[in-house]
Amino acid sequence: MTEDLPAQISALLARCGEGDRLALARLLSLLEREPAAEGFIRTQLDSTPAKSAFVIGFTGAPGAGKSSLINALLPEACQSGAKVAVLAVDPSSPVSGGALLGDRVRMQGHSQGANVFIRSMASRGENGGLTRTTETAIRLLALGGWNQILVETLGIGQVELDIVNLATTVVVVLTPGWGDSFQANKAGLTEVGDVFVINKADKEGLNQTRVDLQDSLSLLSSTIAPVIAETVATTGQGIAELWQTIRSQTTAMTDAGLIDQRRSLRQSKLVEKALLRHLESQLKELLASETGKSVLSDIARGKLTLEEAYRKLVTKL
Ligand SMILES: Nc1nc2c(ncn2[C@@H]2O[C@H](COP(=O)(O)OP(=O)(O)O)[C@@H](O)[C@H]2O)c(=O)[nH]1
Ligand SMILES: [Mg+2]
């Protein structure tokens, strides 16, 4: 089966581009489970015109209420007639982990709708793998015509903050008592957010958290000041307002050119990565060729210095 993986992927991508959700689901499963699939999908996506999508990243500590918020926001997001996808990224759970199942069940109320697509993804866990997989998953969702993509990810550690960079708009989810939490994590989160939600506004400590947050945000110098919203995800309190806030903040960021800036930064990173992959495979070919082998053996026998060998090889590239 692995032999015809590229052909299989190419057929699935064509169907996915026509809006076939089964093909999309199959591609996401391959991405998650088949180590070789990611590279093939990526290479083929690179030669497919990209479709634009609005990606909202939700990040915050476990239990802050990210899944509950996304669940409550789904009807709002769908109202505009958008095709809304939810991608819950779990950096810790194995593929069939319990946390993912919990998220699935919680968000399942909506999964039957033709305009909603919900998917959890686990990580294979290797260095940078999660960011790469998530990025490819988002590109697949966009290809499938899902033009509003809500991504849930944990707001701890660099990998998670990297994922946040894939989003158009970043929503940081906090809860009362946040002011007491640990400093390094706080700084990281305040820097990435465009919208800050204090969820569980029904709990004690709301006012203190609002003051702490305003203090932290006042230290930042951003073109567009981040905004604060307060919600109770479980009752729906503040949810419609939060959606409006996300929309108006995104409009303000678009008008200031920030969204375009982020998009072109992401695009140039994609181009850079594609170039690096290309160069790397050419380099491997060169080293395995007759020329490459003879240069390598000349170095080993002291007939060429490293500098001379390098020059010889670079001209071949
Ligand atoms: N009291 C209260 N509980 C909430 C609120 N939002 C979520 N929860 C509960 O907090 C727990 C964790 O929520 P979840 O959405 O799974 O958090 P996540 O880990 O950030 O995705 C669940 O038991 C929710 O029912 C809220 O606004 N108020
Ligand atoms: Mg969750």
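1. Buried means under 20% relative accessible area. Thr190 has a relative accessible area of 6%, so Thr190 is buried. Keep in mind that this is a predicted model.

2. Where does Thr190 sit? Thr190 is found in helix α8, which covers residues 183–192. Which residues does Thr190 touch, leaving out those up to four places away in sequence? The list is Trp178, Phe196, Leu213, Ser216, Leu217 and Leu220.

3. Now the overall layout. The protein has 13 helices and seven strands. Of its 317 residues, 45% count as buried. Take the contacts with a separation of 6 or more: residues 24 or more positions apart account for 76% of them.

4. Next, the metal site. Which protein donors does the magnesium ion (ligand 2) have? They are Ser67, through OG, and Glu152, through OE. These donors lie 2.1 to 2.2 Å from the ion. Water is not among the atoms, so the site may look incomplete.

5. Ser67 lies in helix α4 (residues 66–79) and Glu152 in strand β4 (residues 148–154), so the pair ties together parts that are 85 residues apart in sequence.

6. On helix packing, consider α1 (residues 5–17) and α3 (residues 37–46). The two helices pack at an angle of about 50°, and their axes are 10 Å apart. That angle makes α1 oblique to α3. The crossing of α1 and α3 is right-handed.

7. Which residues form this contact? From α1 come Leu5, Pro6, Ile9, Ser10 and Leu13. From α3 come Ala37, Phe40, Ile41, Gln44 and Leu45. By class, the contact of α1 with α3 has eight nonpolar and two polar residues, with no charged ones.

8. One backbone angle deserves a look. Phi of Lys200 is near 60°, a positive value in a residue other than glycine. Most residues other than glycine have a negative phi. Where is Lys200? Lys200 lies in the loop between β6 (195–198) and α9 (206–218). With a relative accessible area of 28%, Lys200 is partly exposed.

Technical notes:
Residues numbered from 1 in each chain as written. Chains lettered and ligands numbered in written order. Predicted model: local features only at pLDDT ≥ 70, side-chain atom pairs only at ≥ 80, totals over all residues. Heavy atoms only, no water. Axes fitted to C-alpha atoms, helices over the stretch in contact; angles between N-to-C directions. Helix = DSSP H or I, 4+ residues; strand = E, 2+ residues; numbered from the N terminus. Parallel < 35°, antiparallel > 145°, perpendicular 65-115°, else oblique. Left-handed = near helix turned anticlockwise from the far one by under 90°. Contact = heavy atoms within 4.5 Å. Nonpolar A, V, L, I, M, F, W, Y, C, P; charged D, E, K, R; others polar. Buried < 20%, exposed > 50% of the residue type's maximum accessible area, 1.4 Å probe, protein only. Donors = N, O, S within 2.8 Å, 3.2 Å for Na, K, Ca; no water.
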